[in-house]
Amino acid sequence: MRILAIIAHDKETSLSKTIFNHAVTFLSKQENIELDILDLYSRAEEIPFYSSNRAQLEANAFYQENKERILKADRLLIVFPTYWYSTPGILKCWFDLINQFAWKFNGPYKSAIPLHQIKKALVINLTITPRWYNLLWLGDPARDQVKKTLQFLGIEPMMYTVDRSINLSQSALEKHIKNITRLCKMLLT
């Protein structure tokens, strides 16, 4: 099984990277797993913004590389922080790119026909606010955007939020790590 693991955080010392590294380490120790790791910020200068000029996009090396990555993947792992009620712009830009080749249109108001073999995704987002605040007051737009995008692409997302991430105690971190390990196991089934 090939897992495309995507991290969208620019700081090496971030909690997002710590959690991503834990998940990647766990997954790498499982049998018959091939990990393909994509650190979006380390590739930031190569990522093209969406353009309606299809020929221009298809001529871009990062676009072609990620088309190949998506078409070879069986599962996705995505870890990102919530920035101003949304995903980091770099992750949105990546979604814009993969949406150019990952599906075929199926008529008005219908879902896409996947052109990939990805069945499941584990999506972990981190937020500094309490989960109830994101859910009840804001509507959880970052999480919802990623979830709906993946569902449109025919991918079953398992969503997990690490809330109050700025003041996370060691015991709370250990609880999250335990939950993420359980979800990583579910990703493989």
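**Exercises with solutions**

Let's start with N66, which is buried at a relative accessible area of 1%. Buried means under 20% relative accessible area, exposed means over 50%, and partly exposed is in between (1.4 Å probe, protein chains only).

A word on the ground rules: this is a predicted model, where local features need pLDDT of at least 70, side-chain atom pairs count only at pLDDT 80 or more, and totals for chains, interfaces and linings use all residues. Residues are numbered from 1 along each chain as its sequence is written, and side-chain values use heavy atoms, with hydrogens and water left out.

**Exercise 1.** Find the place of N66 and what it touches.

*Step 1.* N66 sits in helix α3, residues 61-72. Helices here are DSSP runs (H or I, at least four residues), numbered from the N terminus.

*Step 2.* Leaving aside residues up to four places away in sequence, N66 touches L38, W94 and F101. Contact means heavy atoms within 4.5 Å.

**Exercise 2.** Work out how the rings of W84 and Y85 are arranged.

*Step 1.* The structure holds 2 aromatic pairs. One of them joins W84 and Y85, with 6.4 Å centre to centre and 70 degrees between the planes.

*Step 2.* Rings of Phe, Tyr and Trp (its six-membered ring) pair if their centres lie within 6.5 Å; planes under 30 degrees apart count as stacked, over 60 as edge-to-face and the rest as tilted. So W84 and Y85 are edge-to-face.

*Step 3.* For accessibility, W84 is exposed at 78%, while Y85 is partly exposed at 44%.

Notes. Helix = DSSP H or I, 4+ residues; strand = E, 2+ residues; numbered from the N terminus.
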